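Me: I would like to learn how to read a protein model feature by feature. Please give me the general idea each time, then the case at hand.

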Amino acid sequence: MNLVTKHGVILEKTINSFECLGVLNPATMQEGNTVHVFYRAVRDGNFSTIGYCKLDGPLKVVERSKTPILYPETPEEFQGVEDPRISKIEDTYYLSYSAYDGINVFGAFATSKDLKTFNRKGIITPRLTFEEYSKLIKKNFQKINRMHLVFYNLFNRYKLSNLIKNKIHVWDKNIVFFSKKINGKFAVLHRLYPSIQILYFDSPEELTKEFWEDYISNLQKHIVLSPKYKFENSHIGAGCPPIETKDGWLLIYHSAQLTHKEYTYHACAALLDLENPNKVIARLKTPLFSPTESYEKEGYVANVVFPTGTAIFNKELYIYYGAADSCVAVASININTLLTELKKSKNEKNNKR
């Protein structure tokens, strides 16, 4: 979309050992003119922690920690804590992230009152093996995107899980909290490949194995967005925490497009109903922006823009993203212009009925 302005790279790797391989996929929390940035920092061996820096305004780095603010502590996090997002609900900050042990990826979160000390609350995504998940997902065979099955059928066909004695679990990532409770419950977007689903809960303790078995057996009820367009032909995932507007929840998400033998990651946009975010009001039919610059096209993983945080200054929506899995960059668009474009796509859909 040519209405987007790219501001370039604001964070790069340093000689500090915890971030010597790359920095990417930042969570952002805006407080007045200050933007707190919590980014994925990668060291040699592809081990990840979460680093921190502070911006004055949307682009100027004025402070940067020389040590991680969150690092692996549990066996599930052995290889890293990755791809954070952050939301504030009432007086508490919720930092969600992917816990990676080198094989499995689970969604987890931590809370804070001051953005300095974070208390881990643990994993909230299903702890189901691929075999358990495959059996459950097949109950939805006629009701969901067939890509849900393809990914897991590959594991069954080649019996990959047998090689690691059934220790491969279903991957669930891109955990993103809404900034307020909905109907009294926490609302969280997440991604069981290849679509975006929504999860509601009162307390993490209720997210038992039995809960997830029922949830996945009826997955079609929880899917918010499925891959639909050519630029989404592989999979999609929640990106930045949804922004509450008068027109609905503005969701900036990512899509992966399989082209030839490699992927291209795009930034995309949709509008969800305020009272019922399961309902999609509008969705852009083209990417919001795509890899066009050298820092997005060349890096640790080529052709990637991966949006994970936002801030708003003078009606301008700044989108913070990982570029080529190597650095942190920023793009912006007038938020009213974006909402107008989304509503225009809604009207076009209605006119075709």
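Me: Which residues in the largest nonpolar core touch the most other members?

Reply: Keep in mind that this model is predicted. In soluble globular proteins, nonpolar side chains tend to be buried together. Here the largest nonpolar core has 27 residues, and those touching the most other members are L250, I252, L288, F289, L317 and L338.

Me: Take F289. What is F289 in contact with, leaving aside neighbours within four places in sequence?

Reply: The contacts of F289 are V4, K6, H266, A267, V305, I319, Y321 and A331.

Me: I137 takes me to helix α1. Which residues of α1 are buried?

Reply: Start with the geometry. An α-helix has 3.6 residues a turn, so residues three or four places apart point the same way. Helix α1 covers residues 130-137, and its buried residues are F130, Y133, S134, L136 and I137. These lie on the same side of α1, because they cover an arc of only 165° around the axis.

Me: Now the cysteines. How many disulfides does the structure hold?

Reply: A disulfide is a covalent bond between the sulfur atoms of two cysteines. The structure holds 0 of them. For C53, the nearest cysteine sulfur is that of C327, 13 Å away. C268 is also in no disulfide, and the nearest cysteine sulfur, that of C240, is 11 Å away.

Me: Is C53 buried or exposed?

Reply: C53 is buried, and its relative accessible area is 0%. C268 is buried too, at 1%.

Me: How do I read a residue in a loop? Where is V304?

Reply: Check its place, its cover and its contacts. V304 sits in the loop between α5 (294-297) and β19 (305-313). With a relative accessible area of 2%, V304 counts as buried. Beyond four places in sequence, V304 touches Y265, P291, E296, G322, A323, A324 and D325.

Me: Let me step back to the whole protein. How many helices and strands are there?

Reply: The protein has 6 helices and 21 strands. Its radius of gyration is 19 Å, close to the 20 Å from the globule rule for 353 residues, so the protein is as compact as a globular protein of that length. Along the principal axes, the C-alpha atoms fill a box of roughly 55 × 50 × 45 Å.

Me: What share of the residues counts as buried?

Reply: Of the 353 residues, 55% are buried. The accessible surface comes to about 15,400 Å², and carbon and sulfur atoms account for 49% of that surface. Among contacts between residues at least 6 apart in sequence, 54% join residues at least 24 apart.

How values were computed. Residues numbered from 1 in each chain as written. Predicted model: local features only at pLDDT ≥ 70, side-chain atom pairs only at ≥ 80, totals over all residues. Heavy atoms only, no water. Buried < 20%, exposed > 50% of the residue type's maximum accessible area, 1.4 Å probe, protein only. Helix = DSSP H or I, 4+ residues; strand = E, 2+ residues; numbered from the N terminus. Arc of directions from axis to C-beta. Disulfide = S-S within 2.5 Å. Core = buried A, V, L, I, M, F, W, Y, C linked by side-chain atoms within 4.5 Å. Contact = heavy atoms within 4.5 Å. Rg over C-alpha atoms; globule rule 2.2 N^0.38 Å. Areas by Shrake-Rupley, 256 points an atom, 1.4 Å probe, with all protein chains shown as cover.
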